[in-house]
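Thanks, everyone. I'll keep this short. Please have the viewer open as we go.

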Amino acid sequence: MPSSRRPASPSSSYDTERDSPGPNRKRRRLRSNTPTGSQSEDDSSAEEPKPLKVYIVQAKLDADTATELYNIIEGFAFKGGGSDERTLQLQLCSEVEDADVVVTAVRMRRRFERHVEWKTAKQKAIVTPNWLRDSKKAGRPLPCGDYAALPELEEETAENCPDQECPGCDTPHSPSRNPRSPSTNRSDPPFAVRSSLGIALTVKPTNAAVFNNWGAKYAVQRASPLVCPNQGLANELSILCRDRELEGLSKNALAYERAIGIIKSYPKVITSDTFKSDLTKLPSLGAKTQTKILEYIDQGHVNEAQATLASERYQSLSLFTSIYGIGPTKARQFYGMGMRTIADLERYYDIPPSPDPERPRPPEVVTEVLKGLDVVSGFTPNGKPIRDEGRASELSVPVGIVLKDELDVRIPRAEVEEMRDVVLHELEELQPGCVSTIVGGYRRGKPMSNDVDIVISHSDYTKGKDIIPGLCKRLTAQLYRKGLVTHIMHLSGFHAHNALREEHWDSLEKALTVFKLPPSENNPVRIHRRVDLIFALPESYWTAVIGWSGSKMFQRDLRLWAKQEKGMKFDSVGLTRRHDSKRFLPKTEEEVFQILGLPWIDPTMRNVDA
Ligand code: DCP
Ligand code: MG
């Protein structure tokens, strides 16, 4: 999201300071964004029924249970309006921060923290699935304290449980603990973002009508939440999709990706009835996929997906491709050579194994091993990295192997923001007046990201044309000098092509890096993270933001829609009419949608991939 170029506290990504509840303000469940995206207008609606917002942690839930829980939520879905007087009204959240109640089958703190940040968990009621089942039976939300999923959070769960007797009324003991959540602030849209001047820019919610477009041909016409009511099915199909990708069967993979896209936007739980009435009519769902969906309806899993998951080949290929620098082709080669595990790769590349084979290397050992493997050995005074071109690509795989354990740890939103702040602080020193947006999964609302993607430009439309070129290299060199960037996988003008990202290879200047935050009092040991910095001229800023916000399938369908339906070419660099090469210069993200004749879809509804 466009964000302040000045370092800011994580909470400042949302413009909540003005009217965020103070410590004495009582907790109330304000009417917030409904699943259809309509928003709270005023406080006078306090007496009307309010939905209780529920987030489901998918981990450890088998497909049957996940479907059962989504079914309960669907059965008690908040419809909006004052006429609905049911006591139990639920709303599924795609972002944990928006939730009142988090339902999970995970009972151990360490495991839970892989999915929800502890800081966030302490602000919620964290309950077992039985809370949902029993509340359904009772027809009203039951006290959460009796269903606390984590012993460490029993007290918080009881205290953060939304008021059961009088939904929407103030509860004296619990001030809002979630000032960042847009839903606690009626003046905030789901996304409040900042310009370089610190002015809140808003991203409006997806139009309600778009939620009925699930049958539309292109993903860019539909609303696709991060977590959908048929997430279990989408996950099963994504195993098959991944398998086809790993095997180099890109056409088959694409067919699965399209099917997943449809499922992501379908708003009801898929049962035999809804399958027959709705899904069989969609031409894009092939016969094979339909059989798999029926299998899932029948037994809660897809046989082939489970068999694939258990197969040695799939496991090894998945493992190998999770290493930066190894794509499916190389992974298959390694498999063909008899390699199965990371230890096999370490032997092949002559990398010293972890001192304890049962555990990942500790950070200090990682640093030590990496010393011998660095891709970039330094920078010239002009900021040009010094490296041996011939050895660079060979070397990146061992670096990826050593970094794998750390890069596998997903990044919570607060840390994404912290990294953005550090990068922008350095950028400000180098070049004042830049604007930026954290894009990628973070912008689509993912609670945890695999990497950090930031699109950067300049606020001065005219001067920006001269300022932006070369800035990527200068910033990367500065970050490298200061030890913030530890490795550079790609730097524009230095590597012409990146085999891993062929499809998304635009001509924007970019640095794909490994980054390490400096230690702080609370976090004395930092681990390596992946950071992509993308620089766009001001005229390309909004197309770059859209292109890099993803998801991958949303982006792909955007290009397809532009080409097939509008005779245009869309990519991260810009928007051009094909027949006369007329270039459009959108000044906002919404304008890009307008030019393309598309309904506005906010980033949290662009989660077309599973
Ligand atoms: N992208 C794309 N096509 C690709 C790869 C990426 O269009 N083949 C775009 C869409 C992605 C964005 O770039 O959303 C960022 O790519 P990431 O690989 O960082 O993916 P995400 O940020 O979506 O998820 P995460 O980083 O959490 O895995
Ligand atoms: Mg990303």
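Accessible areas here come from the Shrake-Rupley method with a 1.4 Å probe. On that basis, the protein exposes about 25,700 Å². Carbon and sulfur atoms supply 51% of that area. Keep in mind that this is a predicted model.

Now the overall picture. The protein has 22 helices and 21 strands. Of its 610 residues, 56% are buried. Take the contacts with a separation of 6 or more: residues 24 or more positions apart account for 69% of them.

Next, a helix pair. Look at α10, residues 303-310, and α11, residues 312-321. Their axes are 5 Å apart, and the helices pack at an angle of about 65°. An angle of 65 to 115 degrees counts as roughly perpendicular, so α10 and α11 are roughly perpendicular to each other. Which residues meet there? From α10, we have T308, L309 and A310. From α11, they meet E312, Y314 and Q315. By class, this contact has three nonpolar, two polar and one charged residues.

On to E346. This residue sits in helix α13, residues 342-349. Is E346 buried or exposed? Its relative accessible area is 10%. Buried means under 20%, so E346 is buried. What does E346 touch, leaving aside neighbours within four places in sequence? The contacts are I351, P353, R361 and I401.

Last, the metal. Ligand 2 is a magnesium ion. What coordinates the magnesium ion? D451 and D453 do, each through OD, at 1.9 to 2.1 Å. Both D451 and D453 are buried.

That's my tour.

Note on methods: Residues numbered from 1 in each chain as written. Chains lettered and ligands numbered in written order. Predicted model: local features only at pLDDT ≥ 70, side-chain atom pairs only at ≥ 80, totals over all residues. Heavy atoms only, no water. Axes fitted to C-alpha atoms, helices over the stretch in contact; angles between N-to-C directions. Helix = DSSP H or I, 4+ residues; strand = E, 2+ residues; numbered from the N terminus. Parallel < 35°, antiparallel > 145°, perpendicular 65-115°, else oblique. Contact = heavy atoms within 4.5 Å. Nonpolar A, V, L, I, M, F, W, Y, C, P; charged D, E, K, R; others polar. Buried < 20%, exposed > 50% of the residue type's maximum accessible area, 1.4 Å probe, protein only. Donors = N, O, S within 2.8 Å, 3.2 Å for Na, K, Ca; no water.
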